[in-house]
Each structure stands twice: as C-alpha cells, then as structure tokens.
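Trainee: I've got a new structure to look at, and I'd like to learn how to read it. Could you walk me through it?

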Amino acid sequence: MEWSFLLVQALSGLASASSLFVIASGLTIVFGVTRIVNFAHGSFYMLGAYIAVTIVPWLLEFDRSPTLFFAGVLASALAVGALGVVMEVLLLRRIYRVPELFQLLATFGVVLIVQDLVLLVWGPVDIPGPRAPGLRHGVYILDQRFPAYELFLIFVGPAVLALLWLLMHRTRFGVLIRAATQDREMVGALGVNQAMLFTGTLFLGAALAGLGGALQIPRVSASAQMDLSIITEAFVVTVIGGMGSVPGAFVAALLIGLLQAFGVLVFPKITLVLVFLLMAAVLVVKPWGLFGKPEAAAGRAVLPEGILDPRPLDLAGKVLAGVALLALLALPLVDAYAVKVGTEVLVLALAAFSLNFLVGNGGIVSFGHAAYFGLGAYGAGLLVTKTGLPMEPALVAAPIVGGAFAALFGFFVVRLSGIYLAMLTLAFAQIAYAVVFQWVEVTGGDNGLVSVWPSRWAASREVYHYLTAALTVAAIIFLRRVIHAPFGATLRAARDSAQRADAIGVDVRTHRWLGFTLAGAAAGLAGGLYAFSKGSIDPTLLGIPLSVDFLSMILLGGIQSVLGPVAGAAAFHAVKDFFMPLTDHWRLFLGLSIIAMVLIFPRGLAGAWASLRRRPA
Amino acid sequence: MTLLAAEGLTKRFGGVLAAKDVTFALNAGEMLAIIGPNGAGKSTTFNMVGGQLKPDGGRVTLAGQEVTGMPPREVCRLGVGRTFQVAQTFLSFTVLGNVQMALIAHHGQTRKLLADAAAMHRDAALALLDRVGMAAQADRPVGELAYGDVKRVELAIALAAAPRLLLMDEPTAGMAPAERAALMALVAGIARSEGIGVLFTEHDMDAVFAHADRILVLVRGEIIARGTPEEVRADPEVQRVYLGHSGTRAAARARRAAHG
C-alpha cells in the first residue's frame, strides 16, 4: 500500500467524521438541555436533504454560483430549524416530565409521521442533488485524485465546532445552554424563561441536523431511508463522546470516521463490528462516554414507572385470561386466515411479554428487543437451511441464540441506566441488523432466508398453531411465575432503589444481566416460532420498527400490569392486520397513535380494565 | 472487643481533602456518633466504611477482617446493616414486602425462579416489623407512609441482615421532634439488647447527647475531639467551632432528660 493512498483514505475518513459531527452535535445539545433523546433528529437530517435538493437547483437556475449554492444549504438548515420549533411547541413541551420510555416512543412517532409525509411530498424515488459550483473538480494529492467538495467538508466540522464554542461561551443563550446541561432545575429556579430556552435549543439542534443533511446532497441522493441509518450513527457518536458533550461528539466522530475509513481496508465487510468494538471498549472503561458525566439519579424517592407490587389474578381476571386462551385454541374452527393471525398474535405476545419483563418489571428500557427476536429467528433459520437439521433442534437453538446475544450485549447494557441504557440497546440492535443485512453469503442479506419450514408432522397451519400455543403459553406462564418469584422481585427492588438493593447484599448488575439474558432467550424462542410460521425470514425482524412495535404493544397493554402486554400484542396486531391493507399511510396512522397513547392513554388497556373493575357496581 | 476499626482514612475530591487521617474504633453494643458542621466529612467517612466510596488511604476492618474498598453488597454480607440520609426503600412494595425482600437477599435466595416471593419469610418479616412498631401497617404500600414510618421500615430492612454493625447516616433527618426521640430510643434499645454496634452521624444534638456512648467531632475532614458526651461537651475547642454556648447548654439538657 502506498502512502498517498493511505492519506486519501484518511482524508475521506475526516470528511465523513466532519459530517457526522455536525449532525451529532445537534443531538447532543438537545439532549443536554431537554434530557430527551430525539429520535426525530434523523428525520430532521433527512428533511434537510430533501429541502435542499428542492430549493438549491431552483436557486442555481438564477446563477450557478457557489454563493447561491451555500445560501440554499443554509436556508434549508434554517427551515429545518423552524420545523424543530414546531416539534418543540406541539409535542416535546408536553412530555418533558414523563418517563424516558414515553419520550423515546413519542419522538419515534414523529419519525414515522415524517417518513410518510416525505413520501407524500417527494414521492418514493431517490432524488439526486446538484453538485456544488466551484467545488466540482478533483484535487490531486500525491498523485491521488480527491474530490474538492470532500476537502471542503473536512473544514466544515471544525468550523461548526468553533462557532458552537463561540455561541456557548460568548452569548447569553449559549451560557444558558451550558448551565441547563449541568443543572436544569437550578436554571429554572434562577428565573430563566425555560420555554424560550428549550424552543431555542430545538431550533439550534434541528438546524444542525438540517445543515448536515443539506451538505450531503452533492454526495448522496435524498432518500426515505436516510433517517434511521444516520440516527444510529449519531447515537453511537453521542454515546461514545458522552451525552450532552459537544467536544465529546467531535472526538467520537473523528474516531469513528477514521476507524471506518481504515477498517474498510482491513475488514471490508465488518466495519460496523469495529465500531461496535470501539464503543464496547470505551463503555467498559468509561460507562458515561469519553466526556460524559453520570446521570444524577441518587436520592430519588418517587414511585417508579412499571409493574407495582404484582398481585395474583382476581376471579374476573382469571375468567378473562381463560376465555382469551379458549378463543385462541378455537381459532381453527373459524378459517385459515384467523389461524394465521392467531399464531402471529401468540408469537408477538411472547415477545411483548418478555420485553415488559425487562421494562415494566426491571426498569430496563430496551429499545432494541427485536434484535433478540430476529437473532432467534436467524439462528433457527440458518440451522435448518444450512445444516439441514429439522425444526425441533432449531426451536431449541432459537432461545439459546437469542439468550447468548442478549448475554453478550447485556454485559455492556446493564452497566448503564435510564436513557443511556436505552440508547445502547438500540445501538446494539442496529449493529446486529447491519451485520445480518451486510453478510450476504450467510444470511442472504436483504432477501433473507427462504424455505424455513416446520417438520412434516407440524406442517399444517392448525397443528403449528397448537404447537405455537403450547410453547408460547408455557413460556409466558413461566416468565409470569418468575416475576412473582424472588428473582423477579429482586429486579423490581433494584429498579426501585439500586442503592438499597446493594445495601441489602444484592449484586444488582449481575441480576440485571441475568434478567436481560432471560428476556432475550424468550424473545429468541418467539423469533424461532415466527420463522417457521412464515417459512422465510429477512432483516426487518431485527429492525428498529419492530422493536418499536413491541414497545407500542406493551404501552397499549399497559406497562404497569403483568398480563397487559399480552392483551396489547393481540390488540395491536389485530388493528395493524386490519388497517394496514386499507391504507398507504400506516406509518402516519401508527405515529399519531403512539403520540396519542403517550399523551392521553399512558396506562394502556390494563389501566382501562382496572378502572372499569374499580368502579362501584 | 473491637467490632469496627477505621485507621487513617483519607479521601480527596479534586483539591478538597474531605477526610484526613480519620481513625476510630467501635465496640459491639456501643453507639458512636460522628458530629460536625456541614461539609465536615461525616458522610464521606460514613460512605468509606459502608463501601459506597473507596478511600484514597487508610483501612477499615470489621471484627479483624479487612473490608477496605469492598462494594456495599459484600460489606452487607459480613453483617453490616445500613440506613440512608434520604430513606431508601422499595417504593412499589408493601411494608411487609420490603422486609421480605431484605430477608430473601440475606438468605441468598434472590436467584430463585419459581418460589412465590410473597409467601417467603412472612413470619420473620412480621417479627422484625413488630420490633420497630410497624407490624400493624404491614400490608400498606411503603409509598403511602409518613416519612417517620418509612425510616422505621428502613431500620427493619437493615436489621433483616442480622447485622453486627448498623450504619445510620442522619437517622432522624426530616422527622418531627417527637418521632426523632422515639426512633433513637428504639435504635438504642435494639443495639444494647442485642450487642449491635451503631455508628451514626447526626445534626440533632438532642439525639446525639442523649444516646451516644462516645462522640467523634469532625471538622474540615479531621477529628478535632473525641470522648464521652461529657468530655466532648466540655471541650473548649468543640464549643468554639461547633456547639456554641447555647448548643452546650442544650447538650446538657438532653443528657439530663435521657438519663434522669
């Protein structure tokens, strides 16, 4: 390898790092002030690109000058900043005090809404942007050609860092942002107009995301998949750098940009694994990131969100559960389609129940639970298609694979808590997704695996339905038992007060890790059952949208109840199955529903059932 | 015999020396109070003994066994119960459930997957609640209780580990005066009847001078005086930097009220 080649590789790494920093800085500033991890930050990035590919060509028709090009880019950033203000005023303002699970879900609702709106406005086809006038040529560096625009991008990151530094240290608004990042309560107590501060912060954060997106248009086309791919990278950058820290985001973006640029030379297929290893290494040494500070949570004495003292089912509850079970078993009497939906409901119910085992019972808000579901499905599917083993050992392997990956990722996850933990679960899930997506030779990539069929005896829909019912109901009953057992109680105790649990002799971290592993194994079993019910699997089984579906199910069912998630899974899947074929705007509908649930219906179906039961007859 | 010994404990936070060469010993059945103004290093010393903080220098031994730098859960297993300045209980559990949880942890049963936690150690938990006067409220959610009662539940949780040593960081903080006296009398009674050593920090001088066998006075991270309540009250240096004259008179009153 020649030095010139390495140099060019380094420069292109710096260009990516610079772009990544611009985006991640907005995310980390918004988090620092509002303590909300804004999923919609990726949507702002995407909107920045779409707005830029619309107005920049229009501007360039007047005069093909660099000035107009960059005026268009800046105008796009400002327009996205204005959309950030809209989001703050309409949504965020209402959810600053709700638990972080609800905040994450609500901002993800915005992601879904924006995805459908973008399709409505700009259509499904990718839109290429114009190249920047004056920067279209290549520059020769040691005989290697390097695009001038990339060279320009290298300087954008440090320039934004310098401007942010000036803003943070030389203006009143910036000083307030820094103060609020350190101690939000105190800033409020000093009489600062918090509404203005938060709105301004969202403007700044969204504008930075929009700028990041608009600057990309000469390199990549605007597409409707930009949002989720960038948000994961931005999450990884902020986790490594330390959430709320702008210099941390800069250093982390540099590390990741260079790691990817050189990693691609050594391990072309698995650069993402390198990113994962870097993140893991940083988090083992510094759990709060390179420049981050631990979350101040000690001394808290408020009732936790989640399952409160679980009681055995009363008579009405037992009757309801019995009727639901009988109805599921009677489905083969209706028709084949009802059996198919019933099997799916059972599988999803187990996945949702295992998630609420973590979220409601353990206070461990996993935002990437689909990873273990999908890895279980792939574990079973690969065993059947690659080694020719039958279904039975594959269904044994599914929970083992799900549990093993949950144990591996969980080892790092349980070192953190709250929002940091949620981000890390999400990042791990995205990495698992990317590996499955990219490792075409083994996993079939985007196309997935086909002919994952059950053994002959279980080949009919009806028999498979009963097999699924037996396994999922047994697993749910087992997990419910664990919730009532000392292990489940210990997880709840650690959720209520980790300090107290520690002081009575509980090894909190190990118990959380075991709980995470158990929930991952249950999700893996659900994934294996799902694979055989469909006959094929693809990477969407590990994706963020499915993780969010699971969370929506437990939210709909009620995270405070033990069996609510089962009802939530049934209701969610029935509604989705009924409405999705009827509308082209399922995501819009789902996004609005999630936000509505968070704002007006946070205790879910189980909450409604409980208030119905409590009403005097 | 010496139950707890701290030798030369030192802790530094940045440029601040929060504890400097703190040395003391505590016998079984003895109540030792650490007093001093805010920021004197009481909680720092306390957390170094309890395992919440790792000392920069010095060592802690429990009945001759070195426990320096051990995490709290291991310190607990060696027979140390602890209460916190802001009471830490399991808010989603009932009063009884809190103590049952502590007993489950004490018996090393936290990994059982199938037993019914609500049926375990009921009688033992009720007996502990009876000792702190909370048995009548066993089935109430702990989140509903008045703060003084939460502190009693926390004491029952700490006693569930059958401790040889109780660490109590400001046991009466946030309580009404009548509740304070009752709680301290309860602690003193349990300590003396069962030979449990109690190390506590406290701002309430009535509680300190009425119940402590010995007192350490900590100022700016250093012990400036130590001895029986009478000796400490009479120490001119303590009067000057901490108690003041009215405080000295109040201390004498408290001692007389408690011992007749």
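Trainee: What is the mean pLDDT of chain B?

Mentor: pLDDT is the predictor's confidence in each residue, from 0 to 100. For chain B the mean is 89, and 97% of its residues reach 70 or more. Where pLDDT is low, the predicted coordinates should not be read in detail. The model as a whole scores ipTM 0.90 and pTM 0.89.

Trainee: Which domains does the assignment give for chain B?

Mentor: Domain bounds come from an automatic or database domain assignment. In chain B, domain 1 is 1-79 + 163-260 and domain 2 is 83-162. Their C-alpha centres lie 25 Å apart. The contact takes 17 residues from domain 1 of chain B and 14 residues from domain 2 of chain B; two residues are in contact if their C-beta atoms, placed from the backbone, lie within 7 Å.

Trainee: Which element gives the largest share of the domain 1 side in chain B?

Mentor: Helices (H or I, at least four residues) and strands (E, at least two) are DSSP runs, numbered from the N terminus. Here α6(B) supplies the largest share, five residues. By class, that side of domain 1 of chain B has twelve nonpolar, two polar and three charged residues. Ala, Val, Leu, Ile, Met, Phe, Trp, Tyr, Cys and Pro count as nonpolar, Asp, Glu, Lys and Arg as charged, and the others, Gly among them, as polar.

Trainee: And chain A: how many residues of domain 1 are in contact with domain 2?

Mentor: In chain A, domain 1 is 19-224 and domain 2 is 333-614, with 33 Å between their C-alpha centres. There, 18 residues of domain 1 are in contact with 21 residues of domain 2.

Trainee: At what angle do α4(A) and α24(A) cross?

Mentor: Axes are lines fitted to C-alpha atoms, for helices over the stretch in contact, and angles run from 0 to 180 degrees between N-to-C directions. Helix α4 (residues 100-122) and helix α24 (residues 586-600) of chain A cross at roughly 155°, and their axes come within 7 Å. Therefore α4(A) is roughly antiparallel to α24(A). Angles under 35 degrees count as roughly parallel, over 145 as roughly antiparallel, 65 to 115 as roughly perpendicular and the rest as oblique. The residues of this contact between α4(A) and α24(A) divide into 13 nonpolar, three polar and two charged.

Trainee: What about α10(A) and α11(A): at what angle do they pack?

Mentor: Helix α10 (residues 246-266) and helix α11 (residues 271-285) of chain A pack at about 140°, with their axes 9 Å apart, so α10(A) is oblique to α11(A). Among the residues making the contact are A:L255 and A:L259 of α10(A), and A:L274 and A:L278 of α11(A).

Trainee: Last one: how many residues of chain B are in contact with chain A?

Mentor: 34 residues of chain B are in contact with 27 residues of chain A. On the chain B side, α3(B) gives the most, with six residues.

Notes:
Residues are numbered from 1 along each chain as its sequence is written. Chains are lettered from A and ligands numbered from 1 in the order in which they are written. This is a predicted model: local features need pLDDT of at least 70, side-chain atom pairs count only at pLDDT 80 or more; totals for chains, interfaces and linings use all residues.
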